[in-house]
Amino acid sequence: MNQLTNHRREVSLPGLWHDYANLFPMLDAAAQDNLRADIQAHGVREPVILFAGRILDGRNRYMAARDLDLDFPVVDFDGTDAEALAYVLSTNLHRRHLTK
């Protein structure tokens, strides 16, 4: 992953979601509200991960930061297509909102 950079709400990310990100659902409304409240209080702690210029991981963080007009950290995923898919699967299969 390359150097961390910050983006703001007005920065448009082309195509927004990477196809691999779409393999998993967005948070439900209540969870989105909780995440937005946490980000408002503490900022975005985990970076939004980009691959091929689109969000690979962090769609919900991106949406919350955008809604709050906050800066958010961004990291470019530096790997192959297969590695990007493996990253998304590994990261998302262990998240609590998907294992309940």
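A: Start with the cluster itself: Trp-17, Tyr-62 and Phe-72 are linked by ring pairs. Rings of Phe, Tyr and Trp (its six-membered ring) pair if their centres lie within 6.5 Å, with planes under 30 degrees apart called stacked, over 60 edge-to-face and the rest tilted. Bear in mind that this is a predicted model, where local features need pLDDT of at least 70 and side-chain atom pairs need 80 or more, while totals for chains, interfaces and linings use all residues. Numbering runs from 1 along each chain as its sequence is written, and side-chain values use heavy atoms, leaving out hydrogens and water.

Searching the whole structure turns up four aromatic pairs. In one of them, Tyr-62 and Phe-72 have ring centres 5.5 Å apart and planes at 85°, so they meet edge-to-face. Tyr-62 sits in helix α2 (residues 59-68) and Phe-72 in strand β4 (residues 72-76), so this pair ties together parts 10 residues apart in sequence. Helices (H or I, at least four residues) and strands (E, at least two) are DSSP runs, numbered from the N terminus. Both Tyr-62 and Phe-72 are buried, meaning under 20% relative accessible area, with exposed being over 50% and partly exposed in between (1.4 Å probe, protein chains only).

Another pair, Phe-77 with Tyr-87, is tilted, at 5.4 Å centre to centre and 45° between the planes. Here Phe-77 comes from the loop between β4 and α3 (81-93), and Tyr-87 from α3 itself, 10 residues apart. Phe-77 is buried at 14%, whereas Tyr-87 is partly exposed at 22%.

The structure holds five salt bridges, each being a side-chain nitrogen of Lys or Arg within 4 Å of a carboxyl oxygen of Asp or Glu. Asp-67 meets Arg-36 at 3.4 Å, N to O. Asp-67 belongs to α2 and Arg-36 to helix α1, so the bridge connects parts 31 residues apart in sequence. Asp-67 is partly exposed at 35%, and Arg-36 is partly exposed too, at 24%.

Arg-61 bridges to Asp-57, with the closest N and O atoms 3.2 Å apart. Arg-61 is buried at 14%, and Asp-57 is buried at 4%. Elsewhere, bridges with shared partners join Asp-33, Arg-36, Arg-66 and Asp-67 into one network.

Strands β2 (residues 48-51) and β3 (residues 54-57) run antiparallel and are joined by three bridges; for DSSP strands to pair, at least two are needed. In that hairpin two residues lie between the strands, and Ala-52 takes a positive phi near 55°.

The β3 strand also picks up the loop between β1 and α1. Asp-19 forms a salt bridge with Arg-54, closest N and O atoms 3.1 Å apart, and that links Asp-19 in the loop to Arg-54 in β3, 35 residues away. Arg-54 is partly exposed at 24%. His-18 lies in the loop between β1 (5-7) and α1, and is buried at 8%. Beyond its neighbours within four places in sequence, His-18 is in contact (heavy atoms within 4.5 Å) with Phe-51, Arg-54, Ile-55 and Leu-56.
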